[in-house]
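Biologist: Hi! Could you walk me through this one?

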Amino acid sequence: MIEIVPPASVPDWQAEPAIHARIPPRAVHLCLDMQNLIGPAGPWAAQWAERVLPSIIALVEHAPTRTLFTRFMPPSEPDRLPGAWRDFYRKWPGLTGKEIEPEALELMGPLKLFIPPATVLDKTRYSAFSNPALHERLQAMSAEALIISGAESDMCVLSTVLAAVDLGYPVVVATDAICSASDPCHDAVLRLYHLRFSQQVQTMTVAAIREAWAAA
C-alpha cells in the first residue's frame, strides 16, 4: 500500500495569474509513455506524437536530472492482468508481451539519449502511480510539484494527473508537449482542467514552463 505523504509545503503559486507563475525549483518533470508504440509506425500511433517530441525534448533539456520517463509495458498474456484488462488485451492480442516487437516498447530514440541522468520507470496501467516506486522516487527527490508531458492526453496523462492531485502534488500540464490519438478528447481534457481543477492543475506551454522553472 502506498503511504500518502504530501509534498513539501510551497507557496500557493497556482493561485497567481499564469503570467506571474513560478514553478517550485524542486518540481519533477514526468514524461509519460513516449515510446515507439505510439510513433507513426507503431500499433497505437497517436496523432501529434512526432510533432510534440521537440517540445518534450526542450523540457527534458531544461532539467534532465529532474526528469522521469515512464514506459507502458503490456503483460505477456491477457490473463496476467485482472478483470477488464483481460478484455482490453483480448481486443489487442498483438500487443501482449509475447507478440509485440520489443523495439516498440522502447522510448523514442531522441529521448533515450537523456538516460542517464534521467531515469525510467515501467508501468502496466494507465496511471504512472500504479507503480508504487514512482511515489517513492518523487519523495526521495523532494518533489514540490509535477510537470506532466507525454501520451496520451486523455488516457495515461489524465489518469496520472488525477492520481497526482489525490496525493497532493500541484500539477503543471505542458499543453504543447502532450498528445492523443483523438483531437476532440485532447481538447476536452484541457477544458476539464480549466473548468474543474484550476486550483490543483495549471496548464502552460513548454516555453512558459522553462521561464518559470529555475530547476534545483
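Modeller: Helix 1 (residues 49–62) lies across strand 1 (28–32), strand 2, strand 4 (146–151) and strand 5, and runs at about 140 degrees to strand 5. Contact means heavy atoms within 4.5 Å. Axes are lines fitted to C-alpha atoms, for helices over the stretch in contact, with angles from 0 to 180 degrees between N-to-C directions. Helices (H or I, at least four residues) and strands (E, at least two) are DSSP runs, numbered from the N terminus.

Biologist: And what are the ground rules?

Modeller: This is a predicted model, where local features need pLDDT of at least 70 and side-chain atom pairs count only at pLDDT 80 or more, while totals for chains, interfaces and linings use all residues. Residues are numbered from 1 along each chain as its sequence is written, and side-chain values use heavy atoms, leaving out hydrogens and water.

Biologist: What order do the strands of the open sheet have?

Modeller: The 6 strands run 3-2-1-4-5-6, with parallel pairing; two strands pair if DSSP finds at least two bridges between them. Strand 3 and strand 6 (201–204) are at the edges with a single partner strand each, so one side of each lacks a neighbour in the sheet.

Biologist: Changing topic, how many aromatic pairs are there?

Modeller: There are 5. Rings of Phe, Tyr and Trp (its six-membered ring) pair if their centres lie within 6.5 Å; planes under 30 degrees apart are stacked, over 60 edge-to-face, the rest tilted. One of them, W85 with F88, is edge-to-face, at 5.3 Å centre to centre and 70 degrees between the planes.

Biologist: Where do W85 and F88 lie?

Modeller: Both are in helix 2 (residues 84–91), 3 residues apart, about one turn of the helix.
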